[in-house]
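The following note sets out numbered remarks on the model shown below. It is intended to be read alongside the sequence and the coordinates.

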Amino acid sequence: MNAIRQAQNAYGQTNHSIRTLRGTEYDAVARITHRLKSAAESEPLDMKELAGAILDNRSMWTLFGTEVADQDNPLPKELRARIFYLAEFTDEHSRKVLNRTASADALIEINTAVMRGLRDRSDAT
């Protein structure tokens, strides 16, 4: 391999976009929401897939709740309280979905609203 080819290989792939924290959060919420929606709409219902998607969603919301409970979190207090409430609601509603007494629609709607908020705020910056 000649020096030019080595340079192209070494420096040619540096055009990756820089990811922001907000973009990373958006991607995580989008990926989990897609899994939730696919599992909830599967015919016949694949309970194993739905349970896995709900577990990932609960883990994500537990992380969000933990982050906003931190006194040093820079988000406004009212927004932190709303996110914490959603984390609690998500946990409780997930139990109902797993017990088949509720659908996953509310979880999907919440995540979609969060994605919209993350996208809108990132467009403004």
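**Remarks on the helical packing**

1. Alanine 87 is found in helix H4; helices (H or I, at least four residues) and strands (E, at least two) are DSSP runs, numbered from the N terminus. At 13% relative accessibility, alanine 87 counts as buried, where buried means under 20% relative accessible area, exposed over 50%, and partly exposed in between (1.4 Å probe, protein chains only). Not counting residues up to four places away in sequence, alanine 87 touches Trp61 and Gly65; contact means heavy atoms within 4.5 Å.

2. On the basis of the model: it is predicted, so local features need pLDDT of at least 70 and side-chain atom pairs count only at pLDDT 80 or more, whereas totals for chains, interfaces and linings use all residues. Residues are numbered from 1 along each chain as its sequence is written, and side-chain values use heavy atoms, with hydrogens and water left out.

3. On the overall composition: the chain comes to 5 helices and 0 strands, in the order α-α-α-α-α from the N terminus. Of its 125 residues, 24% count as buried. Among the contacts in the chain with a separation of 6 or more, 55% are between residues 24 or more positions apart.

4. On helix H3 (residues 47-69): its 23 residues should span 33 Å at 1.5 Å a residue, and its end C-alpha atoms are 32 Å apart, which agrees. The expected span is 1.5 Å times one less than the number of residues. The buried residues of H3 are Leu50, Ala53, Ile54, Asn57, Met60, Trp61, Phe64, Gly65 and Val68.

5. On the packing of H3 against helix H4 (residues 77-98): the two pack at an angle of about 160°, with their axes 9 Å apart. That makes H3 roughly antiparallel to H4. Axes are lines fitted to C-alpha atoms, for helices over the stretch in contact, and angles run from 0 to 180 degrees between N-to-C directions. Angles under 35 degrees count as roughly parallel, over 145 as roughly antiparallel, 65 to 115 as roughly perpendicular and the rest as oblique. The crossing of H3 and H4 is left-handed, a term used if the near helix is turned anticlockwise from the far one by less than a right angle, with right-handed used if clockwise.

6. On the packing of H3 against helix H2 (21-41): the axes of H2 and H3 come within 8 Å and cross at roughly 150°. H2 and H3 are therefore roughly antiparallel to each other, and their crossing is left-handed. The contact is made by Ala28, Val29, Ile32, Arg35, Leu36, Ala39 and Ala40 of H2, together with residues of H3 including Leu50, Ala53, Ile54, Asn57 and Phe64.

7. On leucine 36: this residue of helix H2 is buried, with a relative accessible area of 0%. Leaving aside neighbours within four places in sequence, leucine 36 is in contact with Leu50, Ala53, Ile54, Asn57, Leu107, Ile108 and Asn111. Leucine 36 and asparagine 111 are 75 residues apart along the chain, and their C-alpha atoms are separated by 9.9 Å.

8. On aromatic pairs: a search of the whole structure finds 2. The rings of tryptophan 61 and phenylalanine 64 have their centres 5.1 Å apart and their planes at 85°, so the pair is edge-to-face. Rings of Phe, Tyr and Trp (its six-membered ring) pair if their centres lie within 6.5 Å; planes under 30 degrees apart count as stacked, over 60 as edge-to-face and the rest as tilted. Being 3 residues apart in H3, the two are separated by about one helical turn. Tryptophan 61 is buried at 2% relative accessible area, and phenylalanine 64 is buried at 17%.

9. On backbone geometry: most residues other than glycine have a negative phi, and most peptide bonds are trans. Which residues are joined by a cis peptide bond with omega of about -5°? They are glutamate 43 and proline 44, and proline 44 is placed in the loop between H2 and H3. Arginine 100 is not a glycine, yet has a positive phi of about 65°. Arginine 100 lies in the loop between H4 and helix H5 (105-124) and counts as exposed at 57% relative accessibility.
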